[in-house]
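Trainee: I have just opened this entry and would like a guided look at it. Could we go through it step by step?

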Amino acid sequence: MTRRQKRYERRKEKRNKNRSNITYADVISVSALYNSAFCSAKGVKWKASVQRYLLNIFPLIYQSRKNLLVHKNICEGFIEFDISERGKTRHIRSVHFRERVIQKSLCQNALIPLMTRSLIADNGASQKGKGTLYSIKRLEKHLRKHYRKHGNKGYILVIDFKKYFDNINHDKLKEVINGYIDDKEILKLSDDFINAFGDKGLGLGSETSQINAVSYLNKIDHFIKEKLKINGYGKYMDDSYFIHYEKEYLVEVLNKLKTLYADYGVMLNVNKTCIVSLKQGFTFLKTKFYLTETGKIIKKPCRVSITRERRKLKKQAILLNKGILTAKDIEISFASWLGSMKHRHARKTVYQMTKLYKKIIMEEKKNDE
């Protein structure tokens with residue numbers, strides 16, 4: 001047996017041991033549900049439903065535990081509504097708080113410890129210590145590594161999925177989860193949350209949907225890294241990129257991935273999936289990237305996001321005049337936008353937007369006088 005095989009066997013034995021250490025009892029224990037209740041309440045304690053739950057926390061926890069012990073389906077339906085995020089309308093199916101507490105316990109005590117360990121380092125979505133800024137920094141690292149070998153000559157394949165959450169195949173997802181979890185009772189609880197969304201797809205608004213969506217294509221991620229040998233690969237949920245010196249190779253990779261993604265029921269967004277030159281610039285996570293001849297990486301905000309922020313300020317000015325918003329509300333909102341611009345090369349954009357913001361505030365002060 002080679003050293004690599006011995007190492008593989010050691011790691012396999014350790015993984016199996018970790019699986020056996022996590023049981024259904026850990027998920028439905030009183031302490032686990034109690035801690036999950038307060039974690040779920042963070043940021044939403046102002047809601048009446050959350051306050052009622054916390055006032056009667058022990059009777060409600062014991063009732064939930066009683067239902068879970070007999071494997072009763074605890075799904076209570078959804079609170080459905082639409083939100084407009086960055087100009088895009090999203091349909092949200094939020095669960096009731098009692099169910100959210102159980103989902104939180106399942107994720108913290110079973111799904112996250114077991115399913116996220118095997119994710120590639122360049123998968124940056126819905127994980128502690130990661131996020132959009134992490135994914136952007138990983139992309140910068142990949143661009144610098146490419147520049148040291150090939151300069152700014154090369155291409156990038158940017159892939160975006162069409163309605164990723166809506167097209168997740170339940171049978172395939174359960175097969176993926178079975179590869180991580182051995183406990184039949186945990187699998188039954190996980191399946192109940194998946195089946196609540198119908199025959200296909202996952203809903204936005206459930207914590208289990210996030211971790212399931214992140215782990216769904218993990219085998220393909222490892223195939224890209226280990227078989228195709230593309231080190232310059234990273235992803236954030238349904239957005240991903242591939243950096244390579246040859247355009248023809250990226251075309252070949254795209255054709256292979258189309259077949260693999262089709263097996264999982266995932267469809268590519270044809271309008272956003274493209275291969276472009278690194279000199280020309282490309283868009284990833286609402287940021288426009290350029291790799292210059294000197295190796296400098298320029299990051300600029302997308303024109304769409306600039307236009308959206310300008311329109312947002314003008315709408316806020318109208319609400320300010322009507323007394324619906326205060327100057328402090330606009331200040332907090334604008335400070336959040338400025339914070340995101342600190343990670344981009346947007347000095348001129350920030351100057352012009354700050355000028356518009358100050359104009360709105362000054363006009364309000366004149367009206368008060």
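**Overview of the chain**

Mentor: The chain has 15 helices and 9 strands, where helices (H or I, at least four residues) and strands (E, at least two) are DSSP runs numbered from the N terminus. This is a predicted model, in which local features need pLDDT of at least 70 and side-chain atom pairs count only at pLDDT 80 or more, while totals for chains, interfaces and linings use all residues. Residues are numbered from 1 along each chain as its sequence is written, and side-chain values use heavy atoms, with hydrogens and water left out.

Trainee: What does the C-alpha trace span along its principal axes?

Mentor: The span is about 65 × 65 × 35 Å. Of the 369 residues in the chain, 43% are buried; buried means under 20% relative accessible area, exposed over 50%, and partly exposed in between (1.4 Å probe, protein chains only).

Trainee: And what share of the contacts join residues at least 24 apart?

Mentor: The share is 71%, among contacts between residues at least 6 apart in sequence. Contact means heavy atoms within 4.5 Å.

Trainee: Let us turn to helix packing. At what angle do H6 and H10 pack?

Mentor: Helix H6 (residues 97–115) and helix H10 (residues 207–215) pack at about 15 degrees, and their axes are 9 Å apart. Axes are lines fitted to C-alpha atoms, for helices over the stretch in contact, and angles run from 0 to 180 degrees between N-to-C directions. The two helices, H6 and H10, are therefore roughly parallel; angles under 35 degrees count as roughly parallel, over 145 as roughly antiparallel, 65 to 115 as roughly perpendicular and the rest as oblique.

Trainee: Which residues of H6 and H10 meet?

Mentor: On the H6 side they are Gln-103, Lys-104, Leu-106, Cys-107, Leu-111, Ile-112 and Met-115, and on the H10 side Glu-207, Thr-208, Ile-211, Asn-212 and Ser-215. The residues of this contact of H6 with H10 divide into 6 nonpolar, 4 polar and 2 charged. Here Ala, Val, Leu, Ile, Met, Phe, Trp, Tyr, Cys and Pro count as nonpolar, Asp, Glu, Lys and Arg as charged, and the others, Gly among them, as polar.

Trainee: How are H4 and H5 arranged?

Mentor: Helix H4 (residues 48–55) and helix H5 (residues 57–69) pack at about 85 degrees, with axes 5 Å apart. That makes H4 roughly perpendicular to H5. Tyr-53, Leu-54 and Leu-55 in H4 meet Ile-57, Leu-60 and Ile-61 in H5, and the residues of this contact are 6 nonpolar, no polar and no charged.

Trainee: Changing topic, how many disulfides are there?

Mentor: The count is 0 disulfides, a disulfide being a pair of cysteine sulfur atoms within 2.5 Å. For Cys-75, the nearest cysteine sulfur is that of Cys-107, 13 Å away. For Cys-107, the nearest is that of Cys-39, 12 Å away.

Trainee: Is Cys-107 buried or exposed?

Mentor: Cys-107 counts as buried, at 0% relative accessibility, whereas Cys-75 is partly exposed at 23%.

Trainee: What is the phi of Lys-229?

Mentor: Lys-229 has a positive phi of about 60 degrees, although it is not a glycine. Lys-229 lies in the loop between helix H11 (218–227) and strand S4 (233–236), and is exposed, with a relative accessible area of 61%.

Trainee: Where is Leu-285 placed?

Mentor: Leu-285 is in the loop between strand S7 (282–284) and strand S8 (287–291). Its phi is also positive, near 55 degrees, and Leu-285 counts as buried at 14% relative accessibility.
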